[in-house]
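Please keep the sequence and the three-dimensional view at hand while reading.

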Amino acid sequence: MLLDAQLLFSDAQEITSGTINSTNIVKFGAGDVSYLPIVIQSVADFTGLTSLCVKIQTSLKADFSEPVDLVQATLSKEELKAGVKFPISYLPKGNLGYMQLVYIVDGSTESTGKITAGIVCADSIGFHEINL
């Protein structure tokens, strides 16, 4: 899995509580980018939360004053171990020019855990992991 710094949403970003935007916004420009693979991966075990939801948002404006949610996925605390990937493999259709990730922590206790997320050349899924 190859990551490019210009296509990173989060680089071992700490996710603690509430709603947190990804460290970086990626500018794609207008057009379909749904063929691009994305990896959203826990790089440290999470503790202290119930679950973590990740949304991919897009916007016409870099300030995300009018965001549009494209897709989301949620993992439970038990699933959020280092190395686990969220079940979103490709960017969804609907790009308006800019994209960011939004992390929503569910639970009353501040969590510990980190996420790295970005566009990749290809994910490291093996042939044996594909259902034929």
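A residue is called buried when its relative accessible area is under 20%, exposed when that area is over 50%, and partly exposed in between. Lys93, with a relative accessible area of 60%, is therefore exposed. The model discussed here is predicted. It contains zero helices and eight strands, and buried residues make up 41% of its 132 residues.

**Overall form**

- The C-alpha trace spans about 40 × 40 × 25 Å along its principal axes.
- The radius of gyration is 14 Å, which agrees with the value near 14 Å that a compact globule of 132 residues would have.
- Of the contacts between residues at least 6 apart in sequence, 78% join residues at least 24 apart.

**The open sheet**

- Strands of a sheet pair through backbone hydrogen bonds, in either a parallel or an antiparallel manner.
- In this protein, three strands form an open sheet in the order 1-8-4, with antiparallel pairing.
- Strand 1 and strand 4 are the edge strands, since each of them pairs on one side only.
- From one strand to the next, the twist averages 10°.
- Strand 1 (residues 3-14) pairs with strand 8 (residues 112-120) in the antiparallel sense, over five bridges.
- Within this pairing, Ser10 stands opposite Ala117 of strand 8.

- Is Ala117 buried or exposed? With a relative accessibility of 0%, Ala117 counts as buried because the limit for that class is under 20%.
- Ala117 belongs to strand 8.
- Neighbours within four places in sequence aside, Ala117 is in contact with Leu8, Phe9, Ser10, Val39, Ile40, Leu101 and Tyr103.
- Ala117 and Ser42 are 75 residues apart in sequence, and their C-alpha atoms are 8.6 Å apart in space.

**The largest nonpolar core**

- The largest nonpolar core has 26 residues, and those that touch the most other members are Ile38, Ile40, Leu52, Phe86, Leu101, Tyr103 and Ile115.
- At least two residues of this core come from each of strand 4, strand 5, strand 6, strand 7 and strand 8.
- Strand 7 gives the most to the core, with four residues.

**Salt bridges**

- How many salt bridges does a search of the whole structure find? The search finds three.
- One of them joins Asp32 and Lys93, whose closest N and O atoms are 3.6 Å apart.
- Asp32 lies in the loop between strand 3 (26-27) and strand 4 (38-47), and Lys93 lies in the loop between strand 6 and strand 7 (98-106), so this pair ties together parts that are 61 residues apart in sequence.
- Lys55 is buried because its relative accessible area of 17% is under 20%, whereas Asp69 is partly exposed at 40%.
- A further salt bridge connects Glu66 with Lys61, the closest N and O atoms being 3.5 Å apart.
- Glu66 is exposed, with a relative accessible area of 52%, and Lys61 is partly exposed, with 40%.

**Residues with a positive phi**

- Most residues other than glycine have a negative phi.
- Ala12 is not a glycine, yet it has a positive phi of about 50°.
- Ala12 lies in strand 1 and is partly exposed, with a relative accessibility of 32%.
- Phe64, likewise not a glycine, has a positive phi of about 55°.
- Where is Phe64 found? Phe64 is in the loop between strand 5 (51-59) and strand 6 (68-76).
- Phe64 is buried, with a relative accessible area of 9%.

Key: Residues numbered from 1 in each chain as written. Predicted model: local features only at pLDDT ≥ 70, side-chain atom pairs only at ≥ 80, totals over all residues. Heavy atoms only, no water. Buried < 20%, exposed > 50% of the residue type's maximum accessible area, 1.4 Å probe, protein only. Salt bridge = Lys/Arg side-chain N within 4 Å of Asp/Glu carboxyl O. Pairing = 2+ DSSP bridges. Axes fitted to C-alpha atoms, helices over the stretch in contact; angles between N-to-C directions. Core = buried A, V, L, I, M, F, W, Y, C linked by side-chain atoms within 4.5 Å. Contact = heavy atoms within 4.5 Å. Rg over C-alpha atoms; globule rule 2.2 N^0.38 Å.
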